[in-house]
Amino acid sequence: MSSFIRQMASDRYLLRIAAVAAIGGFLFGYDTGVIGGALLFVKKSLHAESNLAQQSIVASLLLGAIVGALAGGWLAGAFGRRRTLIAAGWIYVAGGLASAFSQELWQLVGARLVLGVAVGAASFIAPMFISELTPKQIRGGTVTFNQLMLTFGIFAAYIANWALQGVPDNWRWMVGIAAVPGLALAIGMHFAPSSPRWLVEKGRQKEAAPILRRLYKKQDVGAELREIETASKQTTGYRALLRPEVRPMVIVGIGLAAFQQLVGVNTVIYYAPTILSFAGASAGSALTQALSIGVTNVIFTFAALLLVDRVGRRPLLIGGLSGLVVALVVLGIFFHFGWLHTHLPWIGLAALLLYIAAFAIGIGPVFWLMISEIYPISIRGPAESLASVVNWGMNFVISFTFLTLVSAITRAGTFWLYAVLGIASIVFACVSVPETRGRSLEQIQQQLGVGANP
Ligand code: BGC
């Protein structure tokens, strides 16, 4: 049994905290995943028939997320991870309700913009918070737990889309329901402790010690406190990201952030039914097949959770990316040769499932995990924030060029383009990404020569 599950089962305190923070991940998944299905009904209800109107509804959340990821770094440093997550919870409540009660298109777009701010901030502060509270042996598992909740959120959104099809005002329920987990996040985080690493950074060692004692289950936490203190001697802002000695790590974060999106994952997540209908599925069966993509995403993220602290980050990252490239090449072949649609129609779905499985066991969770562990605390807030901004920015670019690309270079050409970007990401991972399994956050920086002498 994985050390993560064993420790979590025996450590209710940690499990409770990680579970509450990971509601942030769940809402990230739910709010991004729900809109594809909801759009079908919003179109009629709010007269949003034009492409521009629909793209604005989807785009607003991604743009808001860029702002949230940018502001989140500063907020997490100034007010702490815990308080920022409480605020995100309340924004989820307000944004969810405002979306549900929108009477005009611009109201929905505005509400999704505001929601996006919470999504962007929580997307990296929740894993950051969890990783700062967790002993190193199981840190990979706990942070991946956040990604598991994210995929579960996407799956829950697909189910909501599917189950609420016949209900009056269904899209209002689809988007409004998210207020409930938002409330749970705000209230739950209210009772969670502050990140001991953040407290030390603020010179509040006295408050950090009892939290560390409870987390590490021992009285003498002097060594842990000193380790954190050494690492947090200098607190800096965004400018520090330009310093030559932190550059390698900043590049790893930005590279992983960009490649995680450049391989085209959200064309699959947001456009799964569209892609399946390209391959000839009817609307109803496309929706059911989309559910299988959602489940596969959850199952393989769970596999990553069990494996990440055992086999390490690099094998999962490189192995997953390789599987993903194979799937993209096959998808391209499938769309290129039209006769395959009639003779071997299952190949399309099989390739999509292989694709999402390979993403979910590798770069999906590994990106979010790595950016929560490779930076010295002095730049952790701004550096994670920058990586998240790049991730949301690329998400925006890929999601809004997909249909245009398909018309310009064909479906096959589009998937082959993502395959080429996938190969570039394998090279990047092999050359630049370090292994971080089993090392304390402070040891990682020392090994990289980043924290020791900044
Ligand atoms: C990515 C999201 C994506 C999700 C799919 C996350 O790691 O950042 O953009 O929608 O995985 O599971």
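Trainee: Let's start with a helix. What should the twelve residues of helix H11 span, and how far apart are its end C-alpha atoms?

Mentor: Before anything else, keep in mind that this is a predicted model. Now, the expected span comes from 1.5 Å a residue, counted for one less than the number of residues. For H11, residues 205–216, that gives 16 Å, and the end C-alpha atoms are 16 Å apart, so the two agree.

Trainee: Which residues of H11 are buried?

Mentor: Here's the general idea. An α-helix has 3.6 residues a turn, so residues three or four places apart point the same way. In H11, the buried ones are Ala208, Ala209, Ile211, Leu212 and Leu215. Look at Ala208, Ile211, Leu212 and Leu215 in your viewer with that idea in mind.

Trainee: And what do the buried residues of H11 pack against?

Mentor: Four other helices: H2 (12–21), H6 (105–133), H10 (196–201) and H12 (222–231).

Trainee: What about Thr410: which helix is it in?

Mentor: Thr410 is in helix H21, residues 402–432. Its phi is positive too, about 70°, and Thr410 is not a glycine either. At 46% relative accessibility, Thr410 counts as partly exposed.

Trainee: Let's go inside. How many residues does the largest nonpolar core have?

Mentor: In general, nonpolar side chains tend to be buried together in soluble globular proteins. Here the largest nonpolar core has 155 residues, and Met189, Leu256 and Phe335 have the most contacts inside it. H6 supplies the largest share of this core, 13 residues.

Trainee: Which residues does Leu256 touch?

Mentor: Leaving aside residues up to four places away in sequence, Leu256 touches Leu317, Ile363, Phe367, Met370, Phe428 and Val433. Three of those names come back when you look at H19: Ile363, Phe367 and Met370 are among its buried residues.

Trainee: Why is helix H19 described as largely enclosed?

Mentor: Because nine of its nine residues, 363–371, are buried. Gly364, Pro365 and Trp368 are included in that set.

Trainee: Which residues does Ser123 touch?

Mentor: Not counting residues up to four places away in sequence, Ser123 touches Phe28, Asn146, Trp368 and Trp392. Sequence distance and spatial distance are separate things: Ser123 and Gly25 are 98 residues apart in sequence, yet their C-alpha atoms are 6.3 Å apart in space.

Trainee: How about Ser102: buried or exposed?

Mentor: Buried, because its relative accessibility is 1%. Ser102 is in the loop between helix H5 (81–100) and H6. Its side chain reaches the backbone oxygen of Ala98 at 2.8 Å and the backbone nitrogen of Leu108 at 3.3 Å.

Trainee: Last one, the ligand. How many residues surround it?

Mentor: There are 15, and the closest are Gln260, Gln261, Asn266, Asn297 and Trp368. To read the polar side of such a site, look for distances between polar atoms. A polar side-chain atom of Gln260 lies 2.8 Å from an oxygen atom of the ligand. For Asn297 the corresponding distance is 3.0 Å, and for Gln147 it is 3.1 Å.

Trainee: How much of the ligand's accessible area does the protein cover?

Mentor: The protein covers 99% of the 310 Å² that the ligand has on its own.

Terms used: Residues are numbered from 1 along each chain as its sequence is written. This is a predicted model: local features need pLDDT of at least 70, side-chain atom pairs count only at pLDDT 80 or more; totals for chains, interfaces and linings use all residues. Side-chain values use heavy atoms; hydrogens and water are left out. Helices (H or I, at least four residues) and strands (E, at least two) are DSSP runs, numbered from the N terminus. Buried means under 20% relative accessible area, exposed over 50%, partly exposed in between (1.4 Å probe, protein chains only). Contact means heavy atoms within 4.5 Å. A nonpolar core is a set of buried Ala, Val, Leu, Ile, Met, Phe, Trp, Tyr and Cys residues joined through side-chain atoms within 4.5 Å. A residue is near a molecule or strand if one of its heavy atoms lies within 4 Å of it. A polar contact is a pair of N or O atoms within 3.5 Å; within protein, one must be able to donate a hydrogen and the other to accept it, and residues adjacent in sequence count only if both atoms are side-chain atoms. Accessible areas come from the Shrake-Rupley method with a 1.4 Å probe; for residues, only the protein chains shown count as cover.
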